[in-house]
Amino acid sequence: MSHDLKDIELYHRIIHQKDSSALRELYRQYEKLIYSFSYKMTGNRELAEEIIQEVFMKLWKTHAHYEESKGKFSSWLLTMTRNTCLDAIRTGKKHDTVEYIEKDTLQVDHETPHDLLEWKEKGAAIRDCISGLKEDQQTMVQLFYFKGKTQQSISEATDTPLGTVKGRIRLALKHLHTCLKGKGGQFE
């Protein structure tokens with residue numbers, strides 16, 4: 001079973017059966033990626049941790065709907081994370097803790113040295129692949145994914161037509177996918 005199909009199966013178990021073990025499995029699989037992504041966008045460790053919880057609470061409470069026809073589960077999850085980060089940034093959320101009390105509360109395990117090494121290696125591979133992009137594509141990826149800018153605001157800030165911005169982001173992602181696939185490991 002492919003990785004994406006397994007994720008989709010877990011997602012359906014969460015949505016249709018309220019299977020907390022499926023939620024825990026997706027959480028274990030994606031928490032570090034979501035944390036890294038959130039921290040890169042917000043620059044705040046506590047806020048990044050809150051965003052992880054918020055993303056998975058949206059999944060659990062079915063406030064988020066995934067459509068298989070629109071792309072990979074992991075891409076959808078990162079898009080949801082990005083939007084949650086942008087919402088937190090826009091509202092100026094500093095660290096207003098919201099406590100969720102449920103019997104199936106998820107626990108964040110401490111990172112092992114192996115986890116840290118794996119994330120360091122993946123980070124290096126991603127940076128290496130980004131550095132291999134054309135300069136205009138690197139700019140688009142940095143602004144869109146790491147600075148949280150909208151495609152429209154990138155278009156205005158760089159004086160580039162919106163269609164060109166979209167095309168450069170799409171091409172950059174295609175090149176990154178190919179590059180990361182060639183480096184082995186699991187980046188999805």
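Lys 120 counts as exposed, because its relative accessibility is 62%; exposed here means over 50% relative accessible area, buried means under 20%, and partly exposed is in between (1.4 Å probe, protein chains only). The model is a predicted one, so to speak of a local feature takes a pLDDT of at least 70, and side-chain atom pairs count only at pLDDT 80 or more, while totals for chains, interfaces and linings use all residues. Residues are numbered from 1 along each chain as its sequence is written, and side-chain values use heavy atoms, with hydrogens and water left out.

Lys 120 sits in helix H5, which covers residues 113-131. Helices, for the record, are DSSP runs (H or I, at least four residues), numbered from the N terminus, and strands are runs of E with at least two.

Next come the salt bridges. Side chains of opposite charge can pair when their charged atoms come close. The structure holds five salt bridges, each being a side-chain nitrogen of Lys or Arg within 4 Å of a carboxyl oxygen of Asp or Glu. Arg 13 takes part in a network of them with Glu 9 and Asp 19. Between Arg 13 and Glu 9 the closest N and O atoms are 3.8 Å apart, and these two residues are about one helical turn from each other because they are four residues apart in helix H1. Between Asp 19 and Arg 13 the closest N and O atoms are 2.9 Å apart. Asp 19 is buried at 17% relative accessibility, whereas Arg 13 is partly exposed at 22% and Glu 9 is partly exposed at 34%.

Elsewhere, Asp 136 and Arg 168 meet in a salt bridge at 3.0 Å, N to O. Asp 136 belongs to helix H6 (residues 135-146) and Arg 168 to helix H8 (residues 162-182), so this pair ties together parts that are 32 residues apart in sequence. Asp 136 is partly exposed, with 29% relative accessible area, and Arg 168 is partly exposed as well, with 25%.

The aromatic rings come last. Rings of Phe, Tyr and Trp (its six-membered ring) pair if their centres lie within 6.5 Å; planes under 30 degrees apart are stacked, over 60 edge-to-face, and the rest tilted. By this rule there are nine aromatic pairs. Tyr 11 and Tyr 66 make an edge-to-face pair, because their ring centres are 5.7 Å apart and their planes are at 85 degrees. Tyr 11 is in helix H1 (residues 3-17) and Tyr 66 in the loop between helix H3 (45-60) and helix H4 (73-90), so the pair ties together parts 55 residues apart in sequence. Both Tyr 11 and Tyr 66 are buried. With Phe 73, Tyr 11 forms a tilted pair, the centres being 5.9 Å apart and the planes at 55 degrees. This pair links Tyr 11 in helix H1 to Phe 73 in helix H4, 62 residues apart. Tyr 11 has a relative accessible area of 2%, and Phe 73 is buried at 0%. Ring pairs also link Tyr 11, Tyr 30, Tyr 66, Phe 73 and Trp 76 into a cluster.
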